[in-house]
Amino acid sequence: MLAKRFPKMRLLIIVNSIVAQTHPEQVEKAIRLLRNSCVESRVTETGKPVEATKIALRARYDDIDRVVVIGGDGTINEVVNGLVGSKIPIAVIPLGTGNTFATNFHIPLSLHEACEVAVGSNIISIDVGLLNHRYFACVAGIGFDAHVLHQLQPTFKRRFGKWAYAIASLRHLLRYRPSLVEVRIDGWERFKTDAWLTVISNVPTYALNFKFTPKASPCDGYIDVCIFFARSRIERLKQAALSLLGYHVHLNSVLYRRAKWLELVSSPRVLVHVDGEPICLTPVSARVIPHSLNVVVPKDWADTAKVVQ
């Protein structure tokens, strides 16, 4: 049983329906733990695209103190799109494949510990990115990674879990064709280059702990941009390998910037994803929305950021 931190707290618990089917015991246990720690809770499952966004939007007008998401980065992103600009904080019980959000905000993968955090008192205000008309809490990718995510089949993800992305990436890494991109950053920098991957991020760590944007912070009022130039295949392998430690930023075949906004067009048009969900093709515009989302985090993370009073 969890400590009753807020005995009068009213929770809206949003459960990804696929997670409920694949991890029924864990979902039931999480709901039971959460219900024991609050005075009132409502549980709803999502089964259709953007359904979680609609549920979160309605929560803004209900008597809800906190929204708890049981699921992965895709469901979290949908809820974020419903809560940006509101005072209602989002809490996360990570039961997804990649769990990028949980990794960056130090949300425990242990079910009991994650539930402890979810009903805790440490709430921070973070920036979010806005790509075209879609918000993202963690990362947007243009080109290669969106292509890989688009190719991933649900059965493949269920079979290999968090390693599915790594396996698929190795299959496509040397075969993926780059595109000519034209980028404008903050109105003063403009350039054209052949690139195979562009990452726009609010956090330092990506899937499988790749550190594409090692200098990023979700509380600094910027989005970090990393563009991987298309050169030889050996150089592409080098870029990818050094990204595991964040050392790729020192290569002359990589451009790294902190930005308030950017615009990107490409020829040919390429796929774009936000928080692991492919959403559109280029062109795109992206900007940071400072301190626009409240997030429940562990104490160690809250100690490094501004705690919402």
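In the predicted model, the crossing of helices H3 and H4 is right-handed. Helix H3, which covers residues 51-59, packs against helix H4, residues 73-83, at an angle of about 35 degrees, and the two axes lie 7 Å apart. On the side of H3 the contact is made by Glu51, Ala52, Thr53, Ala56 and Leu57, while H4 contributes Thr75, Glu78, Val79, Asn81, Gly82 and Leu83.

Aromatic side chains were examined next. A search of the whole structure returns nine aromatic pairs. In one of these, Tyr206 and Phe212 adopt a tilted arrangement, with 5.4 Å from centre to centre and 55 degrees between the planes; both residues are buried. Phe212 also pairs with Phe210, and here the rings are stacked, with centres 5.4 Å apart and planes at 25 degrees. Phe210, like Phe212, is buried. These residues belong to a cluster in which ring pairs link Phe144, Tyr165, Tyr176, Trp196, Tyr206, Phe210, Phe212 and Phe228.

Aromatic rings also take part in arrangements with charged side chains. The charged end of Arg258 is placed over the ring of Tyr222, at 4.1 Å from the ring centre. Lys215, in turn, lies over the face of Tyr256, at 5.3 Å from the centre of that ring.

The backbone contains cis peptide bonds, including one that joins Ser267 and Pro268, for which omega is about 0 degrees. Pro268 is located in the loop that runs between strand E12 (261-267) and strand E13 (271-274). Another cis peptide bond joins Thr282 and Pro283, with omega at about 15 degrees, and Pro283 is likewise a loop residue, placed between strand E14 (277-281) and strand E15 (284-296).

Positive phi values are found at residues that are not glycine, among them His106, with a phi of about 60 degrees, and His291, with a phi of about 45 degrees. The setting of each histidine can be described in turn. His106 occurs in the loop between helix H5 (100-104) and helix H6 (111-118), whereas His291 lies within strand E15. Because its relative accessibility is 42%, His106 counts as partly exposed; His291, with a relative accessible area of 45%, is also partly exposed.

Methods. Residues numbered from 1 in each chain as written. Predicted model: local features only at pLDDT ≥ 70, side-chain atom pairs only at ≥ 80, totals over all residues. Heavy atoms only, no water. Axes fitted to C-alpha atoms, helices over the stretch in contact; angles between N-to-C directions. Helix = DSSP H or I, 4+ residues; strand = E, 2+ residues; numbered from the N terminus. Left-handed = near helix turned anticlockwise from the far one by under 90°. Contact = heavy atoms within 4.5 Å. Phe/Tyr/Trp six-rings, centres within 6.5 Å; stacked < 30°, edge-to-face > 60°. Buried < 20%, exposed > 50% of the residue type's maximum accessible area, 1.4 Å probe, protein only. Lys NZ or Arg CZ within 6 Å of the ring centre and 35° of its normal.
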